[in-house]
Amino acid sequence: MTTALKGLKVLDFSTLLPGPFATMYLADMGAEVVHVESPTRPDLVRLFPPYANGQATSHSYLNRNKQSVALDLKDPKNIELIKQKISDFDIVVEQFRPGVMQRLGLDYQTLAEINPKLIYCSITGYGQTGSYKDKAGHDINYVSLSGIAGHSGRQDSGPPPMGIQIADVAGGSLHAVIGILAAITERQSSGIGQYIDISMTDCVVTMNNMAAAASIAGGQNQCVENEQLNGGTFYDYYRTQDDRYISIGSLEPQFMNGLATTLELPSILQKGASFDSDDRKEVKQAIQNKIQTKSWEEWRQVFSHLDYCVEPVLKLEEALTSPLAKERNWVVDVPLKSNAEQKEPQLACPIKFSRSQMRYDFIGQDLGEGEW
């Protein structure tokens, strides 16, 4: 067996989360990734606690399988060095604000003159054009501008601060990987590379998908706790007797019938599919009253063998050690150094091929440890 992207070479100038997560996926699938960092201003993710094996755990994870090269991009000699080597690379990934790479002399137009086959991907908050292109931002800002936060959360408490970076990863990282792989495929017929402009805000807007379709084409304004999948129906989370939660997604008739029977609540069948807001509230309250009569573990046992789309809300440490995590290999042990016996547990790449394999050669390197 071999890796799917063996033979591809990536020059990665990105930092923090969006770009490094994207290039980690490429590296896991076999691409050779060279991560360029400043020797005086290293990637801040190296400093984020907690630490394990002498390094920040986030750095060790996001930069696994990558060669770390320390170069001061303000030094003209290093710019010339990169230009000398750029013909060896297939892909460039960068995450600076628009205009920075051009000022450094490492923009797509300049490098493509040297290597016409180069695929060059820029990941930014707001894209390379438009009035927002030079603004600073973070995940919470991109999600806010996308409209997602506007129809998420509770009416009495507003949008929820999420436990993950939606725009950074689902918007920036994954769309960057999609764009890069599409450009690689196109290059096979055209023989030339191209530039990819990834705006995390543009991309996270598409995460609205069905809600946006209803709004744009159906003229249906999306409101907090008013739609089928955002808390407007009994499709929701419910607090247990011991202040934990279970999730109920029993929308289809057969699941709804099973839920009503299990909870002994005929009102679920009578009013669960109603479009009337008072009916919906009545059903949700009846379910909540019932769920609060038992503990989280008791409800987990009740529904463990019932296929009604009811599952316990797990804490992260519970999820990562669950039977499902072990069955689907969510966690892998990655060597600290190439061929080292000591290993660090990390999240696995979730893509599973029938022939190709993933590689987990080593965790993120010390600054400047790599070769290119």
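**Sheet and cores**

Q: Which residue in β7 stands opposite Val92?
A: Tyr120 does. This is a predicted model.

Q: How many bridges join β6 to β7, and do they run parallel or antiparallel?
A: There are 4 bridges, and the two strands run parallel. β6 covers residues 91-94 and β7 covers residues 119-124.

Q: What's the strand order in the sheet?
A: β5-β2-β1-β6-β7-β8. The sheet is open, has 6 strands and pairs in parallel.

Q: And which strands stand at the edges?
A: β5 (66-70) and β8 (195-199). Each has a single partner strand, so one side of each lacks a neighbour in the sheet.

Q: By how many degrees are neighbouring strands turned against each other?
A: On average 20 degrees, ignoring direction.

Q: Which strands does α1 touch?
A: Helix α1 (residues 18-28) packs on the sheet and touches β1, β2, β5, β6 and β7. The helix direction makes about 165 degrees with that of β1.

Q: Switching to the largest nonpolar core. Which residues touch the most other members?
A: Ile91, Cys121 and Ile180, out of 40 residues in that core.

Q: Which element gives the most to this core?
A: α7, with 7 residues. Other elements giving two or more include α1, β6, β7 and β8.

Q: What does Cys121 touch, leaving out residues up to four places away in sequence?
A: Val92, Val93, Glu94, Ala176, Ile180, Ile196 and Ile198.

Q: What about another core, apart from the largest one?
A: That one has 19 residues, among them Val69, Leu73, Ile82 and Tyr120. Tyr120 is also the residue opposite Val92.

Definitions and conventions
Residues are numbered from 1 along each chain as its sequence is written. This is a predicted model: local features need pLDDT of at least 70, side-chain atom pairs count only at pLDDT 80 or more; totals for chains, interfaces and linings use all residues. Side-chain values use heavy atoms; hydrogens and water are left out. Two strands pair if DSSP finds at least two bridges between them. Axes are lines fitted to C-alpha atoms, for helices over the stretch in contact, and angles run from 0 to 180 degrees between N-to-C directions. Contact means heavy atoms within 4.5 Å. A nonpolar core is a set of buried Ala, Val, Leu, Ile, Met, Phe, Trp, Tyr and Cys residues joined through side-chain atoms within 4.5 Å. Buried means under 20% relative accessible area, exposed over 50%, partly exposed in between (1.4 Å probe, protein chains only).
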